[in-house]
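Thanks for coming, everyone. I'll take one structure today and walk through its parts. Have a look at it first.

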Amino acid sequence: MRLSARVDYALRAAVALAGYGERWVSAEQIAEDQGIPRKFLESILLQLRRGGIATSKRGSEGGHQLARPGTDISLADVIRAVDGPLVGVRGERPEAVPYSGTATAMTNVWIALRVSERNILESVSLAAVANDDLPTSVTKLLEDPDAWVIRD
């Protein structure tokens, strides 16, 4: 899986917002805390607002915050808001990409990859990352990553 800088920065910004809780925080503060270029962050925050992840308020008491509790927003939600569906093949859903002959089973590989990716990204909330309280299903993978390698 390859994450773009946009997705990485969006995840970092969203986790930062989860860490701030219900406080309004400026883009400048997020950029400084996370080492994200300010102009790039502004674009990302716009996408997060359009995707229903964040909200903003103008004025001296304004800033940005999550649109709903960080426990209710998964990493997958953020990725979809800024980058579209998880696991696409040439910009299409895996089911929509035709393969033929000996490559026919590739569709099933892409679907299985999407399922595995979803299992992790949808189970981890922004609050879990912000509080360093990852689900057991994720931390078990970290104990012995090689144990989870599929070998036939």
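Let's start with how aromatic rings pair up here. One thing to keep in mind: this is a predicted model.

How many aromatic pairs are there? The count comes to 1 aromatic pair. The partners are Y9 and F40, with ring centres 5.3 Å apart and planes at 85°. Planes over 60 degrees apart count as edge-to-face, so that is what this pair is. Where do the two residues sit? Y9 belongs to helix 1, residues 5-20, and F40 to helix 3, residues 38-50. The pair therefore ties together parts that are 31 residues apart in sequence.

Buried or exposed? Y9 has a relative accessible area of 17%, so Y9 is buried. F40 comes out at 24%, which means F40 is partly exposed. The cut-off for buried is under 20%.

Let's step back to the whole chain. The protein has 7 helices and 2 strands. Read from the N terminus, the order is α-α-α-β-β-α-α-α-α. Along the principal axes, the C-alpha atoms fill a box of roughly 60 × 35 × 25 Å. Of the 152 residues, 34% are buried. Now take the contacts with a separation of 6 or more. Residues 24 or more positions apart account for 56% of them.

Back to helix 1, and its packing against helix 2. Helix 2 covers residues 27-34. The axes of helix 1 and helix 2 are 10 Å apart, and the packing angle is about 110°.

Sorted by class, the contact of helix 1 with helix 2 has 5 nonpolar, 2 polar and 2 charged residues.

Next partner: helix 4, residues 75-83. The axes of helix 1 and helix 4 come within 9 Å and cross at roughly 130°. That angle makes helix 1 oblique to helix 4. The crossing of helix 1 and helix 4 is right-handed.

Here is the residue list for that contact. Helix 1 brings R6, V7, A10, L11 and A14. Helix 4 brings L75, V78, I79, V82 and D83. By class, the contact of helix 1 with helix 4 has 8 nonpolar, no polar and 2 charged residues.

Take T107 first. T107 is in helix 5, which spans residues 106-121. With a relative accessibility of 16%, T107 counts as buried. What does T107 touch, leaving aside neighbours within four places in sequence? T107 is in contact with P94, E95, V97 and Y99.

Then D132. D132 is found in the loop between helix 6, 126-130, and helix 7, 136-143. D132 is not a glycine, and yet D132 has a positive phi of about 50°. Is D132 buried or exposed? At 68% relative accessibility, D132 counts as exposed.

To recap: Y9 in helix 1 pairs with F40 in helix 3. Helix 1 also packs against helix 2 at about 110° and crosses helix 4 at roughly 130°. That's my tour. Over to you.

Methods:
Residues numbered from 1 in each chain as written. Predicted model: local features only at pLDDT ≥ 70, side-chain atom pairs only at ≥ 80, totals over all residues. Heavy atoms only, no water. Phe/Tyr/Trp six-rings, centres within 6.5 Å; stacked < 30°, edge-to-face > 60°. Helix = DSSP H or I, 4+ residues; strand = E, 2+ residues; numbered from the N terminus. Buried < 20%, exposed > 50% of the residue type's maximum accessible area, 1.4 Å probe, protein only. Axes fitted to C-alpha atoms, helices over the stretch in contact; angles between N-to-C directions. Parallel < 35°, antiparallel > 145°, perpendicular 65-115°, else oblique. Left-handed = near helix turned anticlockwise from the far one by under 90°. Contact = heavy atoms within 4.5 Å. Nonpolar A, V, L, I, M, F, W, Y, C, P; charged D, E, K, R; others polar.
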